[in-house]
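Please consider the sequence and the three-dimensional structure shown here. The explanation below will guide the reader through some of the features.

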There are 2 protein chains.
Amino acid sequence: MSKKYVYLFKEANGSQRELLGGKGANLAEMTNLGMPVPQGFTVSTEACTRFYEDGEKIGDDILAQIDEKLKESEDIVGKKFGDVANPLLVSVRSGARASMPGMMDTILNLGLNDQVVEGLIKLTGNDRFVYDSYRRFVQMFSDVVMGVSKSEFEKIIDKMKEEKGVVLDTDLDANDLKKLTEMFKAHYKNVQGEEFPQDPHTQLIKAVQAVFRSWNTERAIEYRRMNDIPSSWGTAVNVQAMVFGNMGETSGTGVAFTRNPSTGENKLYGEFLMNAQGEDVVAGIRTPLPISQLESVMPEVYAQFVEIANKLENHYRDMQDMEFTIERGKLYMLQTRNGKRTAQAALKVAVDLVKEGMITKEEAILKVEAKQLDSLLHPTFDLAALKAADPIATGLPASPGAAAGHAYFTAAAAVQAAKTHPVILVRLETSPEDIKGMVASRGILTARGGMTSHAAVVARGMGTCCVAGVGDLTVNEEEKTFVIKGKTYKEGDCISLDGSTGNVYEGMINTVEAELTGDFGEFMGWADDVRVLKVRANADTPEDAAAALKFGAEGIGLCRTEHMFFGGDRITAMREMIVAKTVEQRKSALDKILPMQRSDFEGMFKAMEGNAVTIRLLDPPLHEFIPHTDEEIKILSQESGICESALKDAVVSLHEFNPMLGHRGCRLAVTYPEIAEMQATAIIQAAINVNKDGMNIVPEIMIPLVGEIKELAFVKQLVVKTADMLIEEAGVDMKYMVGTMIEIPRAALTADEIAKEAEFFSFGTNDLTQMTFGFSRDDAGKFLSDYYAHSIYESDPFARLDQTGVGKLVDMACKLGRATRPDIKLGICGEHGGDPSSVEFCHKTGLSYVSCSPFRVPIARLAAAQAAVKFPR
Amino acid sequence: MSKKYVYLFKEANGSQRELLGGKGANLAEMTNLGMPVPQGFTVSTEACTRFYEDGEKIGDDILAQIDEKLKESEDIVGKKFGDVANPLLVSVRSGARASMPGMMDTILNLGLNDQVVEGLIKLTGNDRFVYDSYRRFVQMFSDVVMGVSKSEFEKIIDKMKEEKGVVLDTDLDANDLKKLTEMFKAHYKNVQGEEFPQDPHTQLIKAVQAVFRSWNTERAIEYRRMNDIPSSWGTAVNVQAMVFGNMGETSGTGVAFTRNPSTGENKLYGEFLMNAQGEDVVAGIRTPLPISQLESVMPEVYAQFVEIANKLENHYRDMQDMEFTIERGKLYMLQTRNGKRTAQAALKVAVDLVKEGMITKEEAILKVEAKQLDSLLHPTFDLAALKAADPIATGLPASPGAAAGHAYFTAAAAVQAAKTHPVILVRLETSPEDIKGMVASRGILTARGGMTSHAAVVARGMGTCCVAGVGDLTVNEEEKTFVIKGKTYKEGDCISLDGSTGNVYEGMINTVEAELTGDFGEFMGWADDVRVLKVRANADTPEDAAAALKFGAEGIGLCRTEHMFFGGDRITAMREMIVAKTVEQRKSALDKILPMQRSDFEGMFKAMEGNAVTIRLLDPPLHEFIPHTDEEIKILSQESGICESALKDAVVSLHEFNPMLGHRGCRLAVTYPEIAEMQATAIIQAAINVNKDGMNIVPEIMIPLVGEIKELAFVKQLVVKTADMLIEEAGVDMKYMVGTMIEIPRAALTADEIAKEAEFFSFGTNDLTQMTFGFSRDDAGKFLSDYYAHSIYESDPFARLDQTGVGKLVDMACKLGRATRPDIKLGICGEHGGDPSSVEFCHKTGLSYVSCSPFRVPIARLAAAQAAVKFPR
């Protein structure tokens with residue numbers, strides 16, 4: 001017997017998310033809970049996988065099961081697919097394991113054709129509704145299944161409205177809509193070269209195929225990559241009996257959240273439109289009413305909905321995002337899912353649910369997406385600056401935060417402009433094609449759409465500020481202008497948005513960092529109680545170190561010293577050192593740098609208030625410190641007094657074919673031991689000085705780019721000799737540690753040897769990733785997009801630690817290192833330290849700490865806590 | 001009780017090579033065999049290791065043991081160290097586990113001082129001998145122990161000889177030598193600021209320290225690196241009672257081989273000098289007599305020596321290299337060791353020893369150093385050209401082979417000049433400081449020295465042609481000229497050397513490759529019988545393939561296709577492809593290349609006569625195919641008709657920060673699938689065409705730079721689709737294989753996955769080494785010399801496979817690959833494939849084959865056989 005690929009809603013349940021997708025599993029669960037769900041069936045994600053395995057074909061066995069379940073659905077619903085007398089219409093929706101809002105395509109009213117339409121008119125007596133449904137279906141099917149551009153259909157509608165002199169779709173009557181349908185079908189034939197398909201069964205199978213295909217559209221792949229969703233999951237297809245919100249004034253449709261997804265307030269939140277289909281609400285084409293007003297429109301339906309909403313939240317123990325339709329006064333639930341929410345709302349909901357006794361603290365920790373915290377750290381407007389500004393317009397506060405930037409009207413223009421200056425994306429409304437432009441922008445402004453419009457949902461998910469549905473805003477995308485209250489603004493003009501109030505301002509308003517208090521503090525306290533991994537920050541200045549401390553960092557995991565060579569006099573001394581011909585000349589240049597480095601380290605130690613500080617010795621190749629063009633060299637020579645030919649010689653002799661694989665890291669210390677000696681002197685003297693003031697700093701000196709035990713031993717003895725001499729001279733009892741970066745594959749492979757000399761390992765996963773993959777971050781951009789397009793790589797290995805390859809080396813190095821030195825301190829200081837999935841890996845591998853940029857410390861703290869809840873150790 | 005660090009010769013034996021060094025162990029062994037060996041003791045290699053561990057100090061326990069063994073030696077010899085009446089003089093010689101000729105320092109006549117000299121004169125009645133010994137000792141001690149330049153002493157001698165109007169040292173009388181000694185001591189005091197040490201015990205300890213220190217001189221480190229000797233071995237020190245070859249006309253000294261080290265002929269071979277110390281023979285300052293003439297000079301001593309020589313060869317079952325001294329008619333053996341020999345001699349000796357029944361074929365295989373075979377493949381003169389040439393001079397045929405080049409007079413000048421043209425190094429005599437210059441030269445010509453002079457020994461070891469001891473040659477190193485029979489030659493003038501006849505020619509004589517026959521064929525047949533590893537060659541042209549086949553290659557392990565894109569029309573088509581903006585343009589350019597590639601592959605397949613051919617798809621980044629300067633672009637544009645701006649755009653868009661980590665290898669095929677398709681088409685069509693002629697080619701298509709299974713799968717399906725279609729179209733039954741390079745660490749780490757798609761692995765150890773170490777070959781040159789100087793790396797990881805790191809990845813990949821696909825074919829095609837120690841590693845790891853340049857195929861065959869003998873699998 002063939003494997004089961006198709007499930008009636010009533011045959012399944014909410015635990016089958018992987019098989020049936022989130023939507024399918026929840027439809028089954030709601031059915032089991034006895035809620036009013038239009039019945040139907042789900043084609044499983046395994047069928048999607050088969051579809052691709054079979055060369056983008058649906059297998060005969062699966063086709064047979066679809067037929068069978070369609071028949072069973074007909075029996076349940078009491079209607080018949082393609083039957084003129086009593087026709088069953090269906091919606092066909094995608095539904096993956098993870099929610100991918102707006103990314104997958106939906107088809108409504110499937111099953112309509114020229115005959116069924118006649119029957120349906122007889123049945124409902126509502127020819128306007130029937131032709132409205134038919135023209136929608138023709139458009140959606142043409143667009144989603146056959147790839148006929150939606151905008152052409154919109155133009156046909158606009159032209160008809162213009163000819164009739166009306167504004168709203170609802171102003172078109174049945175005859176208009178019938179004519180429209182004929183025009184749509186004609187357009188279809190014109191483009192496709194064949195009639196619009198009239199066989200409902202053909203329509204259904206083509207629609208299912210289209211959903212499967214939509215799993216691999218460019219934008220779906222892009223979304224998955226941004227959200228770490230594997231392409232192997234596939235999508236399910238939900239085929240569900242249609243109910244109609246557009247059957248007249250006792251019909252309607254809406255979406256609602258059990259709590260406010262923007263603030264977390266425990267109050268039903270949402271909007272609805274009477275006489276409309278769901279797409280009207282989601283796409284934001286008409287501006288809907290707040291859900292609370294449904295009470296006065298249809299009190300009984302409202303009461304029933306509130307009851308169902310409460311029941312669902314209690315059942316799922318989380319805030320729910322629901323879609324519903326009212327057909328001729330009867331409520332139907334079309335979907336429920338855990339609601340997307342802002343970081344602020346996520347915190348409040350999590351804390352409230354604990355206080356309401358609904359969930360434990362550990363569960364609460366899992367309810368806030370760590371990455372989202374980022375948005376809490378985003379700027380708000382400087383209050384003083386804000387007071388001086390008057391809003392030029394106000395819209396819906398669709399996604400909190402504040403942003404100022406230059407206006408651009410297309411995603412492409414925004415992406416391009418964002419390379420050089422802050423950008424606000426201004427659109428009539430956004431669509432999934434705009435994703436890249438939205439990612440690149442500081443803020444998003446739309447003329448149309450509500451709180452659940454595409455712009456609003458996506459912006460909240462990304463933590464980007466968004467003001468939506470600004471009625472006073474007219475956008476002319478072709479002319480690249482927008483008009484507010486008679487004033488025209490051009491591309492590049494500056495505006496500011498407050499996503500928390502919905503206000504729009506002219507010009508650039510200064511922004512300030514957010515304060516982290518209230519729910520944040522309480523919630524993060526729970527996270528800190530639970531987590532095992534320590535969280536440190538990468539910081540090179542006392543200011544960064546102070547910020548890191550504020551964000552909860554427990555030490556500095558990586559203090560890069562190269563930046564300390566750049567300021568003012570230092571860079572001149574550094575360049576003197578580089579062009580030096582003898583050890584003595586080099587030492588004399590280094591002597592000038594020493595007091596400055598010492599005072600840098602004193603500043604760092606003081607700022608960290610006694611917390612651990614890991615200092616990395618000079619890492620970049622020396623050519624990074626000197627200019628390269630003749631012009632720059634000439635100027636430098638005049639300014640510094642270093643002779644031009646010496647500078648040019650240095651440029652030539654320091655040239656490298658592959659700087660990433662060149663003379664840098666501890667290789668510098670092998671060639672120029674005096675650099676390491678100077679740095680060790682500065683570090684130890686700084687610690688001695690600071691400890692005199694009552695601190696107890698134990699500096700951790702980190703030797704970078706080690707690939708061989710003897711190399712580490714050589715540089716370590718330079719450091720130890722220098723340090724021990726200084727400590728003895730000072731007559732103090734001070735400890736210090738010497739460790740190494742593990743960032744070269746050979747170091748990981750020989751970590752048992754390396755650990756004989758290293759008191760700690762810090763995984764430099766940026767370089768380790770480059771060398772393990774054999775491509776550099778600077779160059780990989782040119783081909784990685786092709787790799788994403790072919791699903792060869794699904795996420796950027798520089799953003800998300802590659803656990804299969806790089807992770808294997810990390811794991812190996814940890815085991816080997818501990819075998820030699822059981823108490824070895826193990827940390828990570830690549831940019832992965834602030835990426836939640838990488839933090840989880842670090843927890844599972846048993847590292848001591850992760851270190852990331854100060855800004856990402858809260859994310860790392862939460863991700864560490866979530867890892868500890870999921871994988872107790 | 002303290003560990004034993006010092007051994008009397010009679011307390012030890014020949015098996016203690018690791019502890020006592022080769023010289024010490026053999027002195028012990030000869031003592032045990034009852035041979036006339038001046039007695040003494042050996043300070044062990046462990047004492048050397050202790051010396052460095054203790055910060056270049058000899059521990060008190062070791063000093064005490066030296067004292068003790070010195071006393072016991074006094075009792076054995078019947079003389080007393082420092083005793084005026086009956087003084088013991090000693091030689092102090094280094095002796096490492098492996099022979100390091102000329103690299104370590106020796107001191108003779110130690111124990112002499114102003115008082116002992118007086119006593120010794122009384123004892124011997126030979127004041128000339130005593131002062132000759134004393135002045136030699138002062139000079140050697142000053143040079144070796146205290147670093148006082150030898151040449152200053154030489155100048156003092158030369159000045160005295162000039163004043164006396166004599167030519168030879170032997171023309172100086174006792175008084176002269178006494179005066180010379182005083183002048184030497186005065187010079188010592190002048191330079192050192194203190195008297196020449198008179199206490200024999202101080203002399204001894206300083207000498208032992210100096211031997212230990214000489215283990216880490218730059219030239220010793222350089223020699224070890226060239227010969228793969230670990231620095232951890234250390235050297236032993238041999239302290240041996242002096243016997244004197246310079247005690248008059250019944251004394252003498254010599255060196256001899258049991259067989260001819262140049263040809264292998266089974267006949268005692270060597271030379272001796274009467275009334276001389278050993279250094280006179282080795283340094284080649286006086287030209288010695290053939291050993292056979294000793295028979296007429298001292299028949300009894302000669303007979304005794306022949307007997308000992310036979311006994312030693314039978315005992316060690318190998319050709320021996322012996323040093324002896326005759327003191328007043330009595331023979332003493334000072335050293336024996338397995339003799340260094342030319343490759344030709346090594347082959348003959350090995351084959352003869354088997355035929356004489358002394359050793360087995362397996363033992364014979366181990367007796368020829370694989371690397372040495374290289375020299376057999378070196379050129380000889382073109383006979384026709386040679387007939388037309390008359391030699392301008394003739395010297396000793398010190399190391400066989402032929403060479404033509406430009407004359408240079410210092411090592412440094414030779415190294416510099418060798419970068420651009422062939423070089424002959426011309427020296428009065430060579431010394432260890434000249435090593436780098438000798439390595440860089442095609443041939444070596446010296447005015448002084450015999451067959452066992454420094455120049456001869458080193459040149460034979462390196463397989464470099466050498467003519468030594470040319471009496472007619474006067475070299476003026478300062479003026480950079482040499483004179484032969486009145487004609488002056490300048491730096492840069494061309495000469496030719498025949499190291500097999502000793503002839504020197506004016507101008508450049510053409511050279512031709514050697515024929516490999518006779519002993520070579522027989523011996524290599526034994527090697528082929530024994531080895532398990534297959535040997536393939538890296539070859540890109542039918543000519544190279546034919547050469548590889550001649551050298552015994554069993555297939556092509558790596559055919560790089562990029563060279564096929566360079567010739568004539570191809571490069572223009574290639575450039576058209578690179579600047580193409582559309583897939584169609586690119587395909588049309590590739591269509592032009594296809595027939596040329598196809599015919600290349602047909603040529604390769606035919607040349608290999610049915611043996612396996614592995615073809616790698618295009619590997620280098622595309623920017624390697626276009627010029628980069630404005631000038632070059634302009635010319636190219638005019639020649640090719642490709643517009644200048646398109647070329648410039650390509651240069652800009654193809655620029656990479658780290659080309660090694662950039663857009664190359666299979667990454668090109670992911671971005672431009674049509675390139676891989678064209679190459680697959682060319683390969684398969686070529687195979688189909690050649691197979692029509694009755695061959696049965698199974699092409700092995702190799703996808704480079706893979707790091708991820710999906711990447712390989714993507715490129716593989718391009719190849720398979722293309723190949724299967726062509727095979728079906730042709731209606732033939734042809735097989736082909738698709739495999740991958742393992743050259744990226746991630747590929748090795750995930751080899752179990754990769755093996756699901758790859759039918760074979762070929763380890764690209766060049767890239768794998770770069771990425772595992774994190775440095776590129778092109779850039780590492782700048783700092784690797786510092787690494788060698790600090791003994792961090794001891795050999796070039798690009799020449800000798802790093803077994804610790806890179807080898808671990810190779811081993812891991814083999815195990816993982818076999819776990820998935822037990823019959824997977826495993827090979828190596830990096831340059832390591834021709835390095836004996838790396839071949840041994842490949843054997844031990846269980847690879848199927850190694851692939852190297854055609855020239856190195858015999859080396860790999862022998863190395864594989866040696867590995868099979870040493871590590872049966």
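The structure is a predicted model. Rolling a probe the size of a water molecule over the atoms shows where empty space is left. In this model, there are 12 cavities of 30 Å³ or more. The largest cavity has a volume of about 100 Å³.

Which residues line the largest cavity? Among them are S91(A), R93(A) and L108(A), together with Q240(A), A241(A), M242(A), V243(A) and G245(A). The lining also includes Q277(A), G278(A), T325(A) and L334(A). Two strands of chain A, β5 (90-96) and β7 (235-241), each contribute at least two residues to this lining. By class, the lining of the largest cavity consists of five nonpolar, six polar and one charged residues.

The discussion now turns to helices. Two packed helices are described by the angle between their axes and the distance between the axes.

In chain B, helix α2 (residues 45-53) packs against helix α8 (residues 200-214) at an angle of about 85°, and their axes are 10 Å apart. How are these two helices oriented to each other? Angles of 65 to 115 degrees count as roughly perpendicular, and α2(B) and α8(B) are therefore roughly perpendicular to each other. On the side of α2(B), the contact involves A47(B), C48(B), F51(B) and Y52(B), which meet Q209(B), F212(B) and R213(B) of α8(B). This contact of α2(B) with α8(B) contains five nonpolar, one polar and one charged residues.

Another pair in chain B is formed by helix α21 (residues 542-550) and helix α23 (residues 583-607), whose axes lie 8 Å apart at an angle of about 15°. Because of this angle, α21(B) is roughly parallel to α23(B). The crossing of α21(B) and α23(B) is right-handed. Here P542(B), A545(B), A546(B) and L549(B) of α21(B) meet G603(B), M604(B) and A607(B) of α23(B). The residues of this contact are six nonpolar, one polar and no charged.

In chain A, the axes of helix α27 (residues 673-692) and helix α28 (residues 709-730) cross at roughly 35° and come within 9 Å. The crossing of α27(A) and α28(A) is right-handed. Residues of α27(A) in the contact include P673(A), E677(A), I684(A) and I688(A), while those of α28(A) include L718(A), T722(A), L726(A) and A730(A). The contact of α27(A) with α28(A) comprises 11 nonpolar, three polar and one charged residues.

Notes:
Residues numbered from 1 in each chain as written. Chains lettered and ligands numbered in written order. Predicted model: local features only at pLDDT ≥ 70, side-chain atom pairs only at ≥ 80, totals over all residues. Heavy atoms only, no water. 1 Å grid on protein atoms, 1.4 Å probe; cavity = no way out; pocket = protein on both sides within 12 Å on 5 of 7 lines; lining within 4 Å. Points joined across faces, edges and corners; volume = space filled by probe spheres on them. Helix = DSSP H or I, 4+ residues; strand = E, 2+ residues; numbered from the N terminus. Nonpolar A, V, L, I, M, F, W, Y, C, P; charged D, E, K, R; others polar. Axes fitted to C-alpha atoms, helices over the stretch in contact; angles between N-to-C directions. Parallel < 35°, antiparallel > 145°, perpendicular 65-115°, else oblique. Left-handed = near helix turned anticlockwise from the far one by under 90°. Contact = heavy atoms within 4.5 Å.
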